[in-house]
Amino acid sequence: MQRKFTLGLALGILTTMLPISSTTYAQNATDDIAKYREMIADGNPSELYEAAGEELWKKPAGPKNATLEKCDLGLGPGVVKGAAAQLPRYFKDTNKVQDLESRLMTCMQKLQGRDPQEMVDAPFQKGPKKDMEAIVAYVVTLSKGDKIQVSTNHPKEKEMYELGKRAFFFQGGPMDFSCASCHAEDGKRIRLQDLPNLTTQKGAALGWGYWPAYRVSSGQFWTMQQRLNDCYRQQRFPFPIYGSDLTMALSMYMAKNANGGTVETPGLKR
Amino acid sequence: MNQQRRSLLKYSAIFGLMASAGLISEAQAQEWNKAAFEGKSLDDVFKILGAGSPDKSAAVTLNAPDIAENGAVVPVGITTTLKAEQMAILVEKNPSTLAAQFFIPAGTEPFVTTRIKMGQTSNVYGLVKADGKWSMAVKEIKVTLGGCGG
Amino acid sequence: MNMKNMKSLLAICSFALLAIAMQESAIAQQANDPKFNKMIKDGFKADGIAGLDRIDQDATQKFCSDPVFASSKQGEKMREKIQKMNMDGIKQPSDGKYIGDWKKGEAIAQSGRGATWTDKADTPIGGGCYNCHQIDQKEISYGTIGPTLWNYGKLRGNSQEVITYTWNRINNSKAYNACSNMPRFAHFKLLNEQQIQDVMALLLDPTSPVNQ
Amino acid sequence: MADPMRVRAAESGGIVDVKILMKHDMESGQRKDAAGKTIPAWFISSINVKANGKDVLNGQFGPAVSKDPFLNFKYKGAKGDKIVVSWVDSKGDKRSDEATAS
């Protein structure tokens, strides 16, 4: 036993002695990827969703045949500009901490008479979720450039933050992964993709600040709920329920950590 | 395959209709080059475009990254100092070699950028036809695996 | 450890046993929080092969979900216990063979697929090694969560010690580091014995491109 | 009906820079569905851009152009030019949108 430990230690030291050539390789690849990202930055297809979302926002729909124009996203009924930069937050009428998508479900229910369960159950990119995604693109674009400013003053907000922090480190599944497996250290990569350290302000701003985003690899606009969903899929967890408190808590944790950063949504991601 | 052919046929018919309705120009409707887009090799496409074996030319620039983070979206642009009338983007290792082609009327700059899909690392060719003569630029673009799904 | 650290350590120790006792209770595995448990339980639904049993944590996962405690002085005993438990579960190869086919090993190292709710029970599970490690230098798309494995065998040689250590580490990394980020490939049957032999070959076979 | 495009045209020094985003799946014909059946190709095949009624670009796409195609080109023009972008796809669906050069 003791011998194994010593050996392990010795190997650990050896492995830290990176061959110089390999670091150069990595640096070049990273620079080239940066160039690639720069080249595709102009012309973000999110704009196509944003345009569709604006139409849906102003179009009467649902059993009550009403628009979403009076939706209160936290800054008062009908105020969209800047609203996404301050979410998630506590809402008195629902007595809950809500992220953008959860709040939009509330508005669709109250104003339009739509059943939120249909939204929860719908697969991403289809049916009612397709509408949700476009509306999200529209709403977040109206916070582009704003400072992320999320409060934990309300006890429920504070509680959500603490629950989210704990959830962030919660390991499970056949690969023992948690969010922290990939997102709790600076300067790490998975394949060629940089992994923001979401436990720090800088890292959280890079993560939270750039989602929702158009995802190049799937050719789809992904909301934050879908981003979290796919993280859990890759963590080999069961399926996180759309709009669940778990997802509110994680969002609260990331968003609060990101405070002071800039809203860069909709982003353009691999 | 059959279904694909049928839809292509149907599409040609509709194209004709659009042309007669003035929605697109007559020239364009006649020119959609089915044979070129079905070409499976560089030589096939060169032949169908009537490009022979184009010379590499410093007058043609291919704007593209060395590495694409994802093969689904690879930005590719062609610019030239020549008086281009036609431009084409070819990907050597794609199932069909020709990705896109453009017709440049007088008054339009010899510059076009679009985004293409690449199945794997490959040479990409930017072809320019000017004064009836074809020339080209070549660049290898590496397509990498990414993310945790690898 | 240098002298200065040693001195301050002695100073801390000499303060009072009471302080240590208090610290013990202050830094302990986080309390069982019914609110948190309910949130996790209500947060997921089973989908395909990804059942709700996946959020029933075993001792290792529970311990490592509290990184502050897991890496603390107070957590040391538990850490060792967990490492021993994982070490005891490792089986040496049934046919005595440690080194398989590096070409197959490379394919396993490349694939990060399998075991998600969009996979089927018979979807082959990849090792996902390149997600976190540099291995063959020719593959430029590699992660940096784990150390580079380029020239792994060339640098370390082929002694039985190296072979056994590498076998154990792939089978169950938590035997050496209770909260290693690396999955327990044998423990959770992510890779079978033959696949692990193939990955071993990628790292240790002198003819593997990794050792050129 | 096909979804609208985003067309941007900005004039500077007598050159109009046109950027177009089209909403289209651009199905390659190479992908398989969950049941293992090949999803047939379906893509924008031709695009025409007119400025004040005159052709400024004609393009032909194969299925290898990316989903939600992006196109950028420049022509000699002026502020206020009326730009009309039209595409037709391999199933005969079509779409036309307008923009004014700014």
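Predicted model: local features only at pLDDT ≥ 70, side-chain atom pairs only at ≥ 80, totals over all residues.
User: How many helices and strands does chain B have, and in which pattern do they follow along the sequence?

Analyst: Chain B has 4 helices and 9 strands, and reading along the sequence gives α-α-α-α-β-β-β-β-β-β-β-β-β. Of the 150 residues in chain B, 55% are buried, while the chain exposes about 6400 Å², with carbon and sulfur atoms supplying 52% of that area.

User: Which residues of helix α6(C) are buried, and where do they lie around the axis?

Analyst: The buried residues in α6(C) are Ile82(C), Gln83(C), Asn86(C) and Met87(C). Seen down the helix axis, the buried residues of α6(C) fall within an arc of 135°, so they line one face of the helix. The face turned away from that buried side carries the exposed residues Lys77(C), Lys81(C) and Asp88(C).

User: How are α3(A) and α6(A) oriented to each other?

Analyst: A crossing angle of 65 to 115 degrees counts as roughly perpendicular. The axes of α3(A), residues 46-58, and α6(A), residues 127-141, come within 7 Å and cross at roughly 100°, and the two helices are therefore roughly perpendicular to each other. Among the residues that make the contact are Tyr49(A), Gly53(A) and Trp57(A) of α3(A), together with Ala134(A), Tyr138(A) and Thr141(A) of α6(A).

Conventions
Residues numbered from 1 in each chain as written. Chains lettered and ligands numbered in written order. Heavy atoms only, no water. Buried < 20%, exposed > 50% of the residue type's maximum accessible area, 1.4 Å probe, protein only. Areas by Shrake-Rupley, 256 points an atom, 1.4 Å probe, with all protein chains shown as cover. Arc of directions from axis to C-beta. Axes fitted to C-alpha atoms, helices over the stretch in contact; angles between N-to-C directions. Parallel < 35°, antiparallel > 145°, perpendicular 65-115°, else oblique. Contact = heavy atoms within 4.5 Å.
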